[in-house]
Amino acid sequence: MSKISSFRVNLLSKNGLKSKVLFKNIKNNRLSKFIKPSSRVISRQRRQFDNFMKVLIFLSFIIVSIPLVSIIYIVVANGLTQITPYFLTHTMKGVMGGFSPFGGILHALVGTILITLGAMVISIPIGILTAIYLVEYAKGNKLSSIVNTLVDIMSGVPSIVAGLFAYSLFALFFGPTAVFGISGSLALSVLMIPTIIRSTQEMLNLVPNQLREASYGLGVSKFRTIIKVVLPTAFSGIVTGVLLSIARVIGETAPLLLTAGSIDSLNLNLFSGRMMSLPVYIYNEYSQGLAVCTNNIFGADCLSDIRMQRAWSAALVLFIFIIILNLVGTTIKKRILKKRGK
Amino acid sequence: MGQRIDVEHLDVFYGKFMAVENVSMTINPNQVTAFIGPSGCGKSTFLRTINRMHEMTDKATVKGSILLEGRNLYSSEIDPVQVRREVGMVFQRPNPFPTMSIRQNVLAGIKLNNKSLTKAQADEIVETSLKGANLFNEVKDRLDSAAIGMSGGQQQRLCIARAIAMKPSVLLMDEPCSALDPISTLAVEDLIYELSSNYTIVIVTHNMQQASRVSQRTAFFNISDVGKPGRLIEMDQTTKIFSNPSNQQTENYISGKFG
């Protein structure tokens, strides 16, 4: 008995002091025969649990990747059919039904770029200046808590509501037919501003206070400290935040449908006339469904699913846009970190 | 050259809380003056009022006056930003600007204030400041590399070089060695001793040996209780404070009976 029980003590002592004490108490109660030599059992249980969790975690990773991979696959596979120089350099002007010439996305591509640039011009200064005010000047006063709450509410505004806001604002001045590119830019900036404010705020908060003090200690004014010390230190983070906010809004459809409308030809003026954008183009093409090719009086080529093909190809272009934005963002970030010797 | 500082009946407040009460003292030019005392006794707070840095903290205010060579730093026509150019500061943790090279860090005070310099002037300022901070020989071959690649002690001496590049008359040091190892501490202490021939230096330290090593005069601050304001208890020659202080509290503190 004593030999076995001491063996058990050895085994148990691997599990620490508690079990040893427990064992001692039980032994004193002469209940030692009920104790199993459990060290190996526990380790087997742990190993099983460990493996179970590994499988579970791996499975959830696979489940998460399925939609992502399938989106990439489907967009690329369906989109590649129409990606040609012709497609990228022509508009939909004069394109009829499913007949050749099949048209392209030039007007939508240019529209998306112009509308997004317009949105950047509106939202980047407002967003960054607001964040600077909140972090550097307002430190928890009443106005800042009001602004913070408003930003929170604003980031939850449905995109269609942002579109309605921009549309009705312009309709106030230019009447109900006011459909411009710049109106779309305004709708997108309503969606971008809260994201830019939040990410810039975060980056400014990450700038160590010691740097501000170092600058003040050298007799540098607060304004110069912010411009020359705080903003350059936070620059990479701010750029990344801005790029992510663009990536977020560049695929918005509903607000652009309301504000910039839909048109089949190129429009380079943000301040006059309708303007096509890639998401609206995709929506338009897809919603028109199959073309009728039976009554071919022109004798031209005809593809009944040409609209689907154009939609998929435009989707691929939009997708590539967003990937480029992300890549540029991370490259800038990396380059700046490298320059600082990290 | 260093300048003389006269502090007259200075109270410091954070909002309604009085942090430091009724400090009057004279800080001699071209000498090292050390502030010692237990944590929370207001010595750092008081130090930061000498170049009006405390104003960067929320709701901090001051009553009384500080005279730099007879000029009241708190009179209404004085610009606090200008005060900080004349009264330089070195902080507890080395804080070089991470986005700048060693050279740019030394020139930071001048460049950030948008003063233009010729290449020759800039080179001269960099060299004299780094030599003044005993750092030139260690970094002269890598002036354009990032400042944050240096050791902590080198970074702290770079911060001192950055401060003296502004040609201040007074240097305030807030526990400049508390984040450094003994060897770096020695280098900085040697530097403080050398700088004292050209600058008025005020150093806050928790290390009483350091105060006795580097300073000619020492001021002892204390608080009577938590939440009470800190007061200046005694100020005298360093040798006298550490051998024969006239106040019982000072005696208790330096002999290790509390604190």
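1. A word on terms before the interface: two residues are in contact if their C-beta atoms, placed from the backbone, lie within 7 Å. Please also keep in mind that this is a predicted model.

2. With that cut-off, the two chains meet through 24 residues of chain B and 19 residues of chain A. On the chain B side, at least two residues each come from α2 (80-86), β6 (87-90) and α3 (102-112). The largest share belongs to α2(B), which gives four residues. Sorted by class, the side of chain B that touches chain A holds 12 nonpolar, seven polar and five charged residues.

3. Now to strand β3 of chain B, residues 32-36. How many of its five residues are buried? Five of the five are, so the strand is largely enclosed by the rest of the structure. The side chains are worth a look here: B:Val32, B:Ala34 and B:Ile36 point one way from β3(B), while B:Thr33 and B:Phe35 point the other way, and all are buried.

4. Which strands are joined to β3(B) by bridges? One is β8 of chain B (residues 200-204), which runs parallel to β3(B) and is joined to it by four bridges. In this pairing, B:Thr33 stands opposite B:Val202.

5. The other is β9 of chain B (residues 217-223), again parallel to β3(B) and joined to it by four bridges. Here you will find B:Ala34 opposite B:Thr218.

How values were computed
Residues numbered from 1 in each chain as written. Chains lettered and ligands numbered in written order. Predicted model: local features only at pLDDT ≥ 70, side-chain atom pairs only at ≥ 80, totals over all residues. Buried ≥ 20, exposed ≤ 12 C-beta atoms within 10 Å, placed from the backbone. Pairing = 2+ DSSP bridges. Nonpolar A, V, L, I, M, F, W, Y, C, P; charged D, E, K, R; others polar.
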